[in-house]
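Hi everyone, thanks for making time this morning. I'd like to walk you through one model, so please have the viewer open.

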Amino acid sequence: MSTDWTVRAITRAMLPVLLALTIVEVGSGLVLGQFEAQLLQYPTLLALVPVTIGTAGNLGSILAARLSTSFHLGTLSFDPTDEHLAGNAVATLALAVSIFPLVGIGAWGLTAVFSGVRLGPGTVLAVALTSGIALAVLAVAVTLSVTYVAYRLSLDPDDVVIPVVTNTCDVLGVVVLFATVQVLL
């Protein structure tokens, strides 16, 4: 894949992606607005929102960076039996399982110190872990899909995949977090 590093080529490749992602982010804000009353009722959930969506985006970005590096090295294979690809996906899920309980307990602890809590630490831990695992699975799926589409369209995954993954994880983070809250509360 040859890359044309001109302003025109970069703008042509990125402008449609950025415009679509702007609409996606507006959707995330609208979804978040639907849960305003619940956020005000449970301040711990309010503390969980940015950390959850940020962590999910970071996990997706890490995977996207690894896949992009493999792509540029010529070692990326979209074969389902590829151990490198499966290993990266499993590592992303393992990171989620290890980090999201800390996110939940941290959000609960900070909320307890600064504003008081209405949810128990077990509930917050369950919400954080459940939504984190679901988000990690979705982040892996989105990252693999977007990387594959970028590959098929001969786009540089460094330019496309990480912005798409992080913005998509923002929206999915809000939706999954509040879907988990609806199920667990």
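I'll go through the annotated spans, then a surface patch, then one glutamine.

A word of caution to begin with: what you see is a predicted model. The UniProt record, an unreviewed entry, lists residues 13–33, 45–65, 85–110, 122–148 and 160–184 under "transmembrane region". Residues 13–33 come out as 100% helix and 0% strand, and their end C-alpha atoms are 32 Å apart. For residues 85–110 we again get 100% helix and 0% strand, this time with 37 Å between the end C-alpha atoms.

Now, please turn to the surface. Which residues form the nonpolar patch there? They are Leu93, Val97, Ile133 and Val137, and together they have about 280 Å² of accessible area. Two helices contribute: H4, covering 83–114, and H5, covering 121–152, each supply at least two of the patch residues. Take isoleucine 133, which belongs to helix H5. Its relative accessible area is 34%, so we class isoleucine 133 as partly exposed, the range between 20% and 50%.

For the last stop, go to helix H2, residues 36–41, where you'll find glutamine 38. Is glutamine 38 buried or exposed? It is buried, because its relative accessible area of 16% falls under the 20% cut-off. And what does glutamine 38 touch, leaving out residues up to four places away in sequence? The contacts are Leu45, Phe178, Val181, Gln182 and Leu185.

Thanks, everyone, that's my tour.

Definitions and conventions: Residues numbered from 1 in each chain as written. Predicted model: local features only at pLDDT ≥ 70, side-chain atom pairs only at ≥ 80, totals over all residues. Heavy atoms only, no water. UniProt positions renumbered as here; feature names shortened; annotations may be inferred. Helix = DSSP H or I, 4+ residues; strand = E, 2+ residues; numbered from the N terminus. Patch = residues over 30% accessible without salt bridge, like charges linked within 9 Å, V, L, I, M, F, W, Y side chains within 5 Å. Areas by Shrake-Rupley, 256 points an atom, 1.4 Å probe, with all protein chains shown as cover. Salt bridge = Lys/Arg side-chain N within 4 Å of Asp/Glu carboxyl O. Buried < 20%, exposed > 50% of the residue type's maximum accessible area, 1.4 Å probe, protein only. Contact = heavy atoms within 4.5 Å.
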